[in-house]
Structure formats: structure tokens, C-alpha cells
2 protein chains.
Amino acid sequence: MIGKLIEKIQRTGAPIVVGLDPQLKFIPPSILKKAFREHGETLEGAAEAIFQFNKGIINAVAEYVPAVKPQIAMYEQFGIPGLQAFVRTVEYSRKKGLVVIGDIKRGDIGSTSMSYAASHLGTVDVGSETYAPFGEDFATVNPYLGSDGVKPFIEVCNSHNKGIFVLVKTSNPSSGEFQDRLVDGKPLYEIVGEKVREWGEESMDPCGWSNVGAVVGATYPEQGRILRTVMPKSFILVPGYGAQGGKGADLVHFFDRDGLGAVVNSSRGIIAAWQQEAYASYGEAGYADAAQAAVLAMRKDISEALGR
Amino acid sequence: MIGKLIEKIQRTGAPIVVGLDPQLKFIPPSILKKAFREHGETLEGAAEAIFQFNKGIINAVAEYVPAVKPQIAMYEQFGIPGLQAFVRTVEYSRKKGLVVIGDIKRGDIGSTSMSYAASHLGTVDVGSETYAPFGEDFATVNPYLGSDGVKPFIEVCNSHNKGIFVLVKTSNPSSGEFQDRLVDGKPLYEIVGEKVREWGEESMDPCGWSNVGAVVGATYPEQGRILRTVMPKSFILVPGYGAQGGKGADLVHFFDRDGLGAVVNSSRGIIAAWQQEAYASYGEAGYADAAQAAVLAMRKDISEALGR
């Protein structure tokens, strides 16, 4: 699966993921009003507004980026209808040719982790029938429980040609509380990075990269530089660009000399661009065009930083 | 909320949680067949079978235990219908007077963690309406992202009188890969335990215990002893009893001198008791009675270990 992502990155010239993390406050009032008129101020109404909003964004960016990353928490907050909107978003994105990274940060043990892996990346059997309940291409995975939590995902990567990104060094301010603690003189995130390299060997794509990647925040460029060498065959999914403070120049060391090895996520910087001063002229009706313009600006920022 | 759990533990004399982790192979064929007849071999059929199975278990154990712990992965594997069965299970358990611990192991940052917290323990607003999408009383939380991931849950604990159990030392064989690594001479789980104590001070229940508890596996009794003293005001949710190898005698140090401070989970040892040799005489039609008998045997095992 990582080969498919790389092929799309090269075709679009954009190592960019659009984070579909809709909050109701990002959605133009006209879309919200229409959904509430049809479904009332209900979980169904919120879910419908989110899906219609996403559809506009997906249509506007599908040609310019390789992938989207819906953050499932933003859908799960609206219960079952919200999760239905998540499934519809995954389906619609794939129909538009986008690779879908489910930002689910699941992680459990044994049969439980296998259930998450099967439902998000693989298939489940019911009697003699087989279903793919969520259908993402990649999922993010939390490593705190160790190999027991991660290996079931790797099995599904191998059986269904999918991929994962394991949390290594997250972009948030308090990520250091545990991840930076020194173990034998090395920070924990490096120990986790070494495990990612080891796990990665169990799911190598023919293109030479592993289907097991890592999450390392744009807000920690120095750690990115180290982790790039610790996990030479693992792609790095980089959150924290834009709204969280990361800039193109911070990203250089996440990439290898060929400009590969990383894919950078921006969420509200793109999907809520229409609410920013720089894109205010698009207005609420032009929210999707504003997202497209923000994608193109981000592509330019990263290309320049990489000197391409 | 921890006060409510304690009151129920004292009333039942059972510091026991029944893990509702249904797998289709645990469900009596007659229940499966009926559900498939009504809904086909579909995700809906699987979900209906799970809910009917749970209902039988809940009816049989509600009088004897304070709480149930549905493991959301086992529902999520059947997609949206599976998650509907999760919601129905939470509702039905609460209706029967049980405290519900959602074993969701969520953990993210900022607004994302807040979304998980709101949807599982709190409420979300849609326009002028307010909903409680999942409605559990407690949730399990993964600490790898640090305070940014945990504090939004604590806020909701305080605003909605709910509780959490933070993963500290999990019951699985590979839990030591990261959790046991030494940081300043102390294993990481102890560092996380110290944080649980600190977080716990932000949500004290009038009964003197904190609404912020911890997960520590029954399979690691020595670690349980240490963590009991590191987090003196935090309840410990103890998985790994029964099927995973933990016994009553292993549990002694998880409790304090008053026999409080811990609540022990058993999942398949109870819900799939009818498939074990010891309870074979109950037959498939008696699966719920077998579960009840397994609960009573577990209560006896723990009481004897605690010398009560």
C-alpha cells in the first residue's frame, strides 16, 4: 500500500495529506442550516452537515493531493450517525481516487487489536459472508501496549495490502512527558522508533519502503531528523503543520534525499482556510476553493523548503 | 462516579467487572441462527446476535456484580451495526443498574481527545440541542500522548460526574517492551502511575477516592503491589483474571487493607463459561446461568484470597 501512496505523491508533486477533522464551527452556515432543516438539530443533522462539507473539500482537493486523513474522533463525537458520516467520507474519498488514512489511534491486545485491524483495514466474516466495515487504506496505531497491539495490524497489512502509521513522537506540547523520557540514555520515542523499524521489516512493499510507518510531529524537527535515520524504510506521517505551528522549513529533515519518506498533514489550515484572513475573499460559498488554494500554497511551501 | 462504583461493590460483596467482549464463537448457535434468520448473515445479524447474547448475560449477573465493561473493539469490528449494539448494551446495562466501563482505550490530543471524552462520558451540542451519544460511566484512556490527551477526559469527569481508568501496566505478555523500560531507575509504568496520582488530584470524589483510576494487569501482581502505593487514591481496574492466567491469590496486593482499591475484570471466563468443562452441564440454553455461576465462583475466589 505504501507504494500506492508514493506513486500518488509523485504524480501530484505534493507530499500532503488533507486532514478531514471537521468541527461544526468550520462548516459554512448555509450547509449547517440545510442539514438541520432536513434532519433537525440532531446527531443525524450534524453528521449530514459534516459529510456535505467534506464532499466539497474532497472534490476540490482530490486532483492535487494523494491522500486524506479523517480523524475519527470528530465523527465519533456525534455517535452512530457521526460514524456513518465517517464511513461515507472514507467511501467517497476512495471513489475520488484518494488514499485514506484513518486517524483512529487504536491499540489494544491480541484478539481485540485484531478486531480493530480487521474492521478498519481488513475484513470480518459473518457466517459465510465477508465484509469490510470501515475500509481505510492506512490506520494510525498507538504503541503503548507493545508488539501484541501492533502485530495484528501488521498481519492485516500483509493479508490485505494495507499500511499503518505508529505513534512515535506526537506533535502536542505534552508529548514529551513520557515519549522524551530517557531509557538507557535514549529517549523513549527512539526506542519506539527502533521497534517500528523492526516491525516494518515484516511488511515490506515491493517499492522498497515498509507498510509500517510512523507519526512524528512537525513541531519537533530535530527529533524528526534523528527518527528519519532510525527508521530508514518507514514513511513518516507528519502532523502539526500550519495551525499547530510547524512550517515548511521545519520539515526538511523528515524527508530523504529523494524528497520521499514523509507525508505532511494539515487539517484546519486547509479545511477551515475560508475562515482565515488570507482566504477571506473566497467567502463561505467558496470554502472548498479556499481549501484548494491552501493546498497549493502548502505544496509550494514544502517544495521550496525541499529545494525542488 | 467512583463513589457509586464503590457503593455497588460493597452492596454486592464483589469487586468484579464482567467484560462484555462478545465474539461470535462464544454465542450459542440458537441465538446466532435466530439473528441470521431475521437479518441474514450481515453485520446487522452479527450485531443483533451480540446484543441478544449480552442481554442474557446482563440479566443473569446484574444482581451480583457492580459493573460491566464492554470492549468496544468487539462491536466496532462489525461496523456501524456493531457500534449500535454497543450503544444498546450500554443503555441496557445502565437500565439494569450496572455501572458501565467503556473499554475504549482512546487517547488523542486537545480538541480531538475532548471529542472522545464528550461523546463517551459527556455530552455534545448540536445547535441548541444536547446529546449523550455513548453514555458510559467510565472509559479507559491511553496515556502515551501525555497530559494533553488525558486532561480533556478529566474535565468531563468533573463536569458530568464520570471516571476514567488510565492504562498503566497492561496484562499482555509484551506490555514490558515499553512500559517496563527504566527511566531514572524506575520503570515507565511507575512514571505513568505517578502521573495518574497527580491527574487524580484534579478529580476527587467526596468518598475520598479519585475518579481517575488505573489499569494494571492481574498477570503482574508484583507491579500491582508497587502501583497500589504509588497511586493511593486511585482505583485499579485489573484485567487478566481467568483466561489470561491471573488468579485470586495474585490479586491481594491490588487491594488496600479495607478490601477496596481494586475491581477485577473477567471476560471470556464468565461470558463463555458455558463452553468450559466445569460448566458444561448448563448446556447452550443455560449460557447465562453458567455465567452467573462463574461470577459466584469468582467472588468466592477473590473473597478467600482477601480473607473475607
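## A right-handed unit

In chain A, strand E6 (residues 138–141), helix H7 (residues 147–160) and strand E7 together form a right-handed β-α-β unit. Right-handed here says that, with the strands pointing away from you, the path from the first strand over the helix to the second runs clockwise. Helices (H or I, at least four residues) and strands (E, at least two) are DSSP runs, numbered from the N terminus.

This is a predicted model, where local features need pLDDT of at least 70, side-chain atom pairs count only at pLDDT 80 or more, and totals for chains, interfaces and linings use all residues. Residues are numbered from 1 along each chain as its sequence is written, while chains are lettered from A and ligands numbered from 1 in the order in which they are written.

## Strand E7 and its partners

Take a look at E7(A), residues 163–169: seven of its seven residues are buried, meaning that 20 or more other C-beta atoms, placed from the backbone, lie within 10 Å of a residue's own. E7(A) pairs with E6(A) in the parallel sense over four bridges, and pairing requires that DSSP finds at least two bridges between the strands. Val141(A) sits opposite Val166(A) of E7(A).

E7(A) also pairs with strand E10 (residues 210–216) of chain A, again parallel, over five bridges. There, Ile164(A) has Val212(A) as its bridge partner.

## The whole barrel

Now zoom out. Eight strands of chain A close into a barrel in the order E1-E2-E3-E6-E7-E10-E11-E12, with parallel pairing. On average, neighbouring strands of this sheet are turned by 30° against each other, direction ignored; axes are lines fitted to C-alpha atoms, for helices over the stretch in contact, and angles run from 0 to 180 degrees between N-to-C directions.

Elsewhere in chain A, E2 (residues 67–70) and E3 (residues 99–106) share two bridges in the parallel sense. Helix H12 (residues 287–305) of chain A lies across E1 (16–20) and E12 (262–266), running at about 145° to E1(A).

## Where the chains meet

How many residues does each chain bring to the contact? Chain B gives 59 residues and chain A gives 59 residues, where contact needs C-beta atoms, placed from the backbone, within 7 Å. On chain B's side, helix H6 (residues 110–120) gives the most, with seven residues.

Definitions and conventions:
Two residues are in contact if their C-beta atoms, placed from the backbone, lie within 7 Å. A residue is buried if 20 or more other C-beta atoms lie within 10 Å of its own, exposed if 12 or fewer, and partly exposed in between; C-beta atoms are placed from the backbone.
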